[in-house]
Structure formats: structure tokens, C-alpha cells
Amino acid sequence: MSDDTIRLVTIGRILRRRWRLLTVLAVVGALVGYGTSLLVPPRYTASAPVLLPGAWEERELLTQAEIAASSVVVDRAAAALNWTKVSRTELRDRVSAEAADGNIIKISGTADTPERAQRLADQVAQQFVAFAARISGADTDPDAAARPEALRQLVTQTSRRITELADAAGRGQTVESVQTRTELAKLRTTLQEAVDKLEQADPAAGKAIKNNMVVMGPAPRPTGEAPPTRTQLVVAGAVLFLLLGVVGHLAAARMNRRPRTGAEIARVLGTAVLGTVDVPAEHPGERPEGRGPRAGVRRLLGLDVRWDVPAPRTSDEAGRQVRYRRVHARLGDGLPAPVSLLLLVPEDDANALRAAGQFTAGAEGGPRLRLAAVSVSRPMIADREDEAGAVVLLSPGSRTAGELAGIAEACADAGHEIAGIVLVGTVRTGATGQAGRRKAAAPALAAGADATGSSG
């Protein structure tokens with residue numbers, strides 16, 4: 001697993017074999033999310049739309065949205081609201097503005113109650129409209145609206161006076177009078193054109209029309225909490241802890257450096273692998289009961305079942321017996337007959353103990369086997385008697401390199417030479433294999449009892 005690519009099948013295997021633990025983690029995460037929701041007060045958000053008439057570019061709308069949420073506008077709203085328990089800095093964090101379609105600035109305010117959220121949004125919208133009108137110059141001079149009309153009246157009076165002067169110049173009896181009347185007519189035309197151009201190019205008038213913003217009614221009172229709600233926090237906590245559980249399993253598998261292949265185990269023990277035998281996979285009700293509360297918790301959470309091994313393949317009793325006979329025959333290769341071998345099994349390897357029961361029960365016509373269960377934490381092996389060597393029987397991936405090295409050192413101290421390694425795998429059996437499994441259970445238990453007495 002440490003060098004393999006993480007695939008979906010690995011995630012599925014974790015979910016299938018660790019669903020109890022993951023369920024507990026999800027429940028704990030939901031409780032943490034619920035506790036967080038109790039510490040965080042509920043929030044409500046109300047929005048007030050402000051219409052900007054005229055033609056606006058997108059960058060201009062974004063600028064107006066920044067102005068609406070600026071500290072100047074928010075401070076004016078804070079002064080108008082006069083909330084004693086809320087500072088202006090905190091109020092700025094509760095106000096936001098964004099440009100929407102149709103030249104609309106959407107101003108949002110967040111508060112601890114729906115009423116206060118509505119008042120905040122409405123007040124900020126009003127202060128924004130007032131501030132925009134002020135900086136545009138639309139309301140700086142009260143007489144600004146009357147100036148265009150006064151100019152028109154002056155132009156009318158001037159045109160009337162020009163007409164009177166033209167009439168007084170005569171009806172065109174002389175050349176001088178005709179020239180005078182012509183010049184006066186040109187002067188009147190030029191004056192009217194200048195006034196028309198002045199009205200069209202008046203920037204103050206254009207700004208006044210463009211910045212005539214309108215608050216499109218009061219902000220609707222919110223009916224629900226603003227995210228994150230209590231339900232969202234509970235769901236987020238459950239999902240987060242579930243993901244942490246899956247990631248934790250993957251990280252542990254990546255960091256696990258236990259030898260998993262026969263070549264790796266043989267390299268640590270300095271010998272060769274003689275073969276692989278199979279035992280039926282245990283159902284939950286058939287596992288040996290551990291002692292103490294820790295073992296009970298492991299069984300409850302499903303931690304007593306390894307998840308990082310592939311699903312066992314299907315096999316029948318006849319095929320398994322053939323494997324046992326072939327491996328048992330290899331045990332005596334190169335050794336003088338009759339020969340006796342010490343069969344070393346880690347005392348906490350349940351599958352290896354069951355396989356040892358099969359070996360001792362069917363050891364006929366080959367080397368005699370003496371079973372010895374070894375503690376991997378403090379390995380101690382009885383001194384050599386008439387054994388020609390020792391055979392290590394264990395499940396791949398169940399022991400670390402240090403534990404295997406400890407077993408090899410214990411064998412060397414007792415004068416035993418490791419003659420080979422036998423690996424134990426698990427298989428699934430059908431209805432026909434149930435009887436054979438029950439028959440093999442008794443020798444395994446008996447062998448384990450004898451091994452306790454033979455190990456030092």
C-alpha cells in the first residue's frame with residue numbers, strides 16, 4: 001500500500017471494513033458542529049436594491065458598489081442607527097454591496113435579528129444615495145436648478161431687444177440700415193446657438209440626471225438565518241470528520257513500512273519462503289474474544305479486521321489441503337530423516353495459529369513439528385533439543401521489520417537456524433467448507449495450548 005496508487009477501490013474497501021469507526025467519527029463531527037452552532041449566534045441578512053438610472057459601464061457599477069460599502073457610507077449609517085453594542089468596525093464587516101443586472105446596486109446588511117438586519121440595509125442604502133448625490137454636485141447649490149430657466153429668460157429678452165433695435169434701424173431705405181438689420185439677425189442666431197450648445201454640454205446637468213439614484217423600496221425582512229446555519233454546521237462537521245477518518249486510514253497505510261511480500265519478509269529473516277497456505281476467513285462471531293475494555297472497543301469499531309488487504313478469494317477444502325501437503329513436503333527437503341522442526345508462530349497471529357493446527361494435525365510421513373508461540377514484543381525461544389531448524393509461520397504484513405529481526409535474534413540465541421518461512425493467507429469458503437473449518441479449529445486451539453508451555 002505504501003507504494004501503490006490510491007484508487008477508488010481502496011476508498012471503497014475502507015468504507016466497507018471501517019464503516020463502524022467512520023460512523024462514530026461522523027457522529028462526533030456532527031456533535032462538534034452542533035456545539036459550534038451554539039457558540040456562534042445566529043445571523044440574518046437583508047438586502048436593499050438601489051437603482052442607478054441612465055447608461056452605466058460595468059467598471060462604473062463596480063465603483064459604485066465599492067462606494068456603497070465604504071467606511072464613509074457605513075459610518076454615516078452607524079451614526080444614524082446609534083447602536084451602542086455594535087462598533088463601527090464591526091458594522092463595516094457586516095455590510096456588503098454588489099452590482100446586479102439592470103444597473104442595480106444590491107446592499108446587504110447582517111445583524112443578530114431580522115429587524116436590525118432590515119434597518120441596517122435600509123439605512124446604508126439611504127446614506128449611499130445621499131453621499132452619491134453630494135459628491136456629484138447635484139445638491140450643493142439650491143439655486144442650480146433655477147439657473148437654466150433664468151438663462152432662457154435672458155436670451156428671450158435679448159432677442160426681443162435685438163428685434164426692437166432692428167425695427168428702429170429702419171425698413172431698409174439705406175444701405176446702412178440693411179447692414180445693421182443683418183448684423184443684428186446674425187447676432188440673435190449666434191446667441192441662440194450658443195445657449196443650445198451650453199445646455200447640451202452642461203456637465204452638472206448630466207451628472208444630476210445620471211446620479212439621480214433611487215432606493216427601490218425597503219429591504220425585505222429575512223425569514224431565515226444567514227449561512228452557516230445550524231444544520232449546515234452539523235452536516236459540515238459530520239462530513240469533515242468522515243473525510244478525516246478516510247484520509248487518516250490512507251496516511252497510516254502510506255506510513256506503514258511492514259514487510260508485505262514474501263521477498264521482503266525473507267530479506268529480513270535471511271531465509272527463503274517455502275510456500276503459502278490458506279485458512280478460511282473468520283466471520284465476526286467466530287473470532288476469538290479478547291480481554292479487557294480495549295479489545296471490546298476494537299471489536300465494536302471493527303478495528304480487529306484489517307482493511308488494507310485484498311478481499312479473500314474463494315477456495316475449497318481439497319485445494320487447501322493440497323497446499324498444506326506440498327508445503328509440508330518441502331519442510332524436510334535437504335534434511336536427514338527422521339527430522340524434527342520447531343514451528344514458530346507469533347502468539348497474536350490468529351490466522352497463523354489456525355494454520356499451525358492444520359500442520360500439526362496432518363504431519364504424517366514428513367518432519368515432526370513442535371509448535372512454539374512467540375511473543376513479538378519480547379521474543380524468547382526454548383533452547384535447541386533435537387530440532388534440525390526452525391520454520392517461521394506468519395501472516396504477511398502483520399509484523400514490522402523490527403519484530404521479525406527480534407524473532408531471528410531469539411532463534412540465534414537459542415541455537416536454532418531458520419530453515420524457511422511459510423506465509424498464511426485467508427480465503428472464502430462455501431457451505432461445503434464449514435465442516436472442515438470446524439474440524440480444524442480444535443487442533444489449532446490444542447496446538448496453541450501446547451505452544452504456551454514450550455515457549456520460554
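1. Basis of the notes. Residues are numbered from 1 along each chain as its sequence is written.

2. Confidence. pLDDT is the predictor's confidence in each residue, from 0 to 100. Its average over the chain is 79, and 78% of the residues score at least 70. Over residues 204-209 pLDDT stays under 50, and the model has three contacts (heavy atoms within 4.5 Å) beyond four places in sequence for them. Residues 431-456 also have pLDDT under 50 throughout, with 32 such contacts. Where pLDDT is low, the predicted coordinates should not be read in detail.

3. Overall make-up. The chain contains 16 helices and 10 strands; these are DSSP runs, numbered from the N terminus (helices: H or I, at least four residues; strands: E, at least two). Of its 456 residues, 37% count as buried, meaning under 20% relative accessible area with a 1.4 Å probe, protein chains only.

4. The sheet. Four strands make an open antiparallel sheet, in the order S2-S3-S1-S4. Strands S2 (95-100) and S4 (214-215) are at the edges with a single partner strand each, so one side of each has no neighbour in the sheet. S1 (residues 44-51) is joined to S4 by two bridges; strands pair if DSSP finds at least two bridges between them. Leucine 51 is opposite valine 214 in S4.

5. Helices on the sheet. Helix H3 (residues 58-68) touches S2 and strand S3 (104-111), and its direction makes about 165 degrees with that of S2. Helix H6 (residues 114-136) lies across S1, S2, S3 and S4, at about 25 degrees to S1. Axes are lines fitted to C-alpha atoms, for helices over the stretch in contact, and angles run from 0 to 180 degrees between N-to-C directions.

6. Beyond four places in sequence, the contacts of valine 50 include Ile107, Phe128, Met213 and Val214.

Notes:
Predicted model: local features only at pLDDT ≥ 70, side-chain atom pairs only at ≥ 80, totals over all residues. Heavy atoms only, no water. Buried < 20%, exposed > 50% of the residue type's maximum accessible area, 1.4 Å probe, protein only.
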